[in-house]
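Hi,

Here is the structure I promised to pass on.

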Amino acid sequence: MMKLDVVTYGEAMAMFVAEQTGDLAAVAHFTRRLAGAETNVAIGLARLGLKVGWLSRVGDDSFGRFIRASVQAEGVDCSRVVAVASQSSGFLLKEKAENGADPLVEYFRKGSAASRLAPEHFDPAYFLSARHLHATGVAAALSATSLAFAGQALDFMRANGRSVSFDPNLRPSLWPSQAVMVEQINRLAAKADWVLPGLGEGKILTGHDLPHDVAGFYLQQGARLVVVKLGAEGAYYRTAEGDSGMVAGERVANVVDTVGAGDGFAAGLVSALLEGLPLAQAVGRGNRVGAFAIQVAGDMEGLPTRAQLDALDPS
């Protein structure tokens, strides 16, 4: 079995992006792309030169074949992606937004193959082949079995001395209530070494308004590092050892598509931390990769290669 730097898991979907603005019901032409929080991060890490594996389930259908081929083409190991004949792959419709606004997204994913990921699909040897696990709250929100899988994965990796990063990546519509979402997301975050909430998410999850206090909440739960994403302003970090700071965001002249910015940030930050870069530099790389992501249509198309990143950031 190959040695991996990072393993992740979750749902990827076929995404159809409108080619014109306006109500999706009136759009006649769409461009097919790939969507998925975890695959965005996996692809971002692979483009930066890390060895990455992604575990999932897809339908034995054209969407499933498209998903697997797309992720594999980016150099991500998909040997633990299973096609299930009796289940379907999810897909979504995404509007073409204007002036950097967040686009409307309609999901068609209920009962998908990936949502049926369960503890019995956990592969201990595959996870142990990696030195780091990246997880998000999206996969956990898909179903009760997927939530159980998430808890098992985080517990297993932490118990076996691997580092774990967790991005809450809130999807309120997938949870039965906000109270359940807050409880379960915070339960998972307490199992992670590095917690990466956005400030808006942090307010919902912790009840605190300030980045310092959001970070403090998760440090008290056992995190070693909390990085609070602040959008265009950059990011705030705070560690269990008492180090803290603010890293300014990157200037972006033309914001094309905001979706995927947080996943790009995670890829930049995690890659830098695994390479041993100083914390402020690692957060800076997160900001930089996130800035790349929002300048191109699509969730992951703008994520930079190592050569593109090094042209701006020799570290």
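Which residue in strand 10 does S165 stand opposite? That would be W194.

Before the rest, the ground rules. This is a predicted model, so local features need pLDDT of at least 70 and side-chain atom pairs count only at pLDDT 80 or more, while totals for chains, interfaces and linings use all residues. Residues are numbered from 1 along each chain as its sequence is written, and side-chain values use heavy atoms, with hydrogens and water left out. Helices (H or I, at least four residues) and strands (E, at least two) are DSSP runs, numbered from the N terminus. Two strands count as paired if DSSP finds at least two bridges between them.

Strand 1 (residues 4-9) is mostly covered: 6 of its 6 residues are buried (under 20% relative accessible area with a 1.4 Å probe, protein chains only; exposed is over 50%, partly exposed in between). It pairs in the parallel sense with strand 8 (residues 130-136) over 3 bridges, V7 being the partner of L133. Strand 1 also pairs in the parallel sense with strand 4 (residues 52-59), over 4 bridges; there, Y9 is partnered by L55. Strand 9 and strand 10 (residues 194-195) are parallel too, with 2 bridges.

Strand 6 (residues 91-94) and strand 7 run antiparallel, joined by 4 bridges, and K94 is opposite V105.

**Helix 7**

In helix 7 (residues 199-206), the buried residues are E201, G202, L205 and T206. They cover an arc of only 105° around the axis (taken from the directions from the helix axis to the C-beta atoms), which puts them on the same side of helix 7. These residues pack against strand 9 (163-167), helix 6 (178-189) and helix 8 (211-220), where contact means heavy atoms within 4.5 Å. G207 follows helix 7 and has a positive phi, near 80°.

Cheers
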